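I set out to record what I looked up in one model. The entries follow in the order in which I made them.

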Amino acid sequence: MTDTSDTRPADSEAQAPRRSPLLRLMRHLPLIAPVLLWAVPCGVLLYTGQHWPLAVTLTGTALFVLGLIGMPLAMMRGHGRRQQDRMAILGDSLLGGSWVLFTWSVLLGVLLRIALTVAGVGDGEDRARIVTWAVLGTTAVLLAWGYAEARRVPRVRRLDVQLPRLGAGLDGTRVALITDTHYGPLDRARWSERVCETMNALEADLVCHTGDIADGTAERRRAQAVPLGTVRATKARVYVTGNHEYYSEAQGWVDLMDELGWEPLRNRHLLLERGGDTLVVAGVDDVTAESSGLPGHGAHLDRALHGADPDLPVLLLAHQPKFVDRAAAAGIDLQLSGHTHGGQIWPFHHLVRLDQPALAGLSRHGSRTLLYTSRGTGFWGPPFRVFAPSEITLLVLRSPQATAAS
């Protein structure tokens, strides 16, 4: 037990190492970040030389203070014990709006002001007001566009993926991928139906969902998830858990997906046979599963591949791209992941890259392993996507043997 009193330890006792200033700052980030998100735009828009009428300054300041207080309160009531969906929508929207406003207040508050000064446009007050209106206009346009991007049915992204060990009989195998649907406080049952209709039009052999189905329990979000039962595949529909399942009774989601006809690949595999050749399709629980405390949940690649012929090519489903280190060490041919959302709201992707080895698209890891990271099909939290469009992915697997023969 840590001693928090003011008394000094005896000289013979080992001194606890001092925490670095960065670590101490990170501990307080949840408190500092909301203040910065609202205080910086307030300063840029109201207090950097604009000389607005007093009523405008006071009203604007009051709105920023209201946002600073209201956003965390709404998020606590929406995502905390009470689970009030309307408050979650309000809090999430304020979070997304403040992030966009903060980003462009910083960028335009510096870059545009410098450009106007160099160009000799107006005096200090004129330039300050131009920056204010530019920030507000840019934020309004990006939020409107970002909302439309988040709520639309994702475009289909198609690409061929050549796997050196893939048999000629499997050439042309169509793999459809959705991930991070994040059914949540905004009811998207109709959106879910249209996503499934789009998936069916792809006529895929294998359909995959790599986790983060929803924010909330299976019972609470069932109506939005039920359309997944209409998705068709000529061979199999497979699913693995994401980290958000472990925030909301993961086993309930595993059971519901099983009920809807999807095969939960919880550290197991199945064989996909086509044209006399075989592909191992394996899946692992999310890397956060073990710390969730749920019995039997955890990411175990050895268990997922147990009994599989090591000479066969392997397609692996793992929610987070960072699992690719383990996949590459095991010689996996292709890993499919989501989780990153492509950053969702620019420039958040810079923070995502601190935690994940890939943001979006196809990348190579090691001598054999390819990783495809989807930008996700839905959105988490703030109902906006800015410079990070959602996607439904169709990967067509190619065999070098078939290519050579043609």
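I began with Leu 159, which stands opposite Leu 395 in strand E12. Strand E12 (residues 391-398) pairs with E1 in the parallel sense over 8 bridges; I count two strands as paired if DSSP finds at least two bridges between them. Helices (H or I, at least four residues) and strands (E, at least two) are DSSP runs, numbered from the N terminus.

I noted that this is a predicted model, in which local features need pLDDT of at least 70, side-chain atom pairs count only at pLDDT 80 or more, and totals for chains, interfaces and linings use all residues. Residues are numbered from 1 along each chain as its sequence is written, and side-chain values use heavy atoms, with hydrogens and water left out.

I then traced the sheet: 6 strands form an open sheet of mixed pairing, in the order E1-E12-E2-E3-E4-E5. E1 (155-162) and E5 (263-264) are at the edges with a single partner strand each, so one side of each lacks a neighbour in the sheet.

Next I looked up Thr 181, in the loop between strand E2 (173-178) and helix H6 (189-201). Thr 181 is buried, at a relative accessible area of 0% (buried: under 20%; exposed: over 50%; partly exposed in between; 1.4 Å probe, protein chains only). The side chain of Thr 181 reaches the backbone oxygen of Ile 213 at 2.8 Å.

Finally I checked the cysteines and found 0 disulfides, a disulfide being a pair of cysteine sulfur atoms within 2.5 Å. For Cys 208, the nearest cysteine sulfur is that of Cys 196, 14 Å away. Cys 208 is buried, with a relative accessible area of 0%.

Definitions and conventions:
A polar contact is a pair of N or O atoms within 3.5 Å; within protein, one must be able to donate a hydrogen and the other to accept it, and residues adjacent in sequence count only if both atoms are side-chain atoms.
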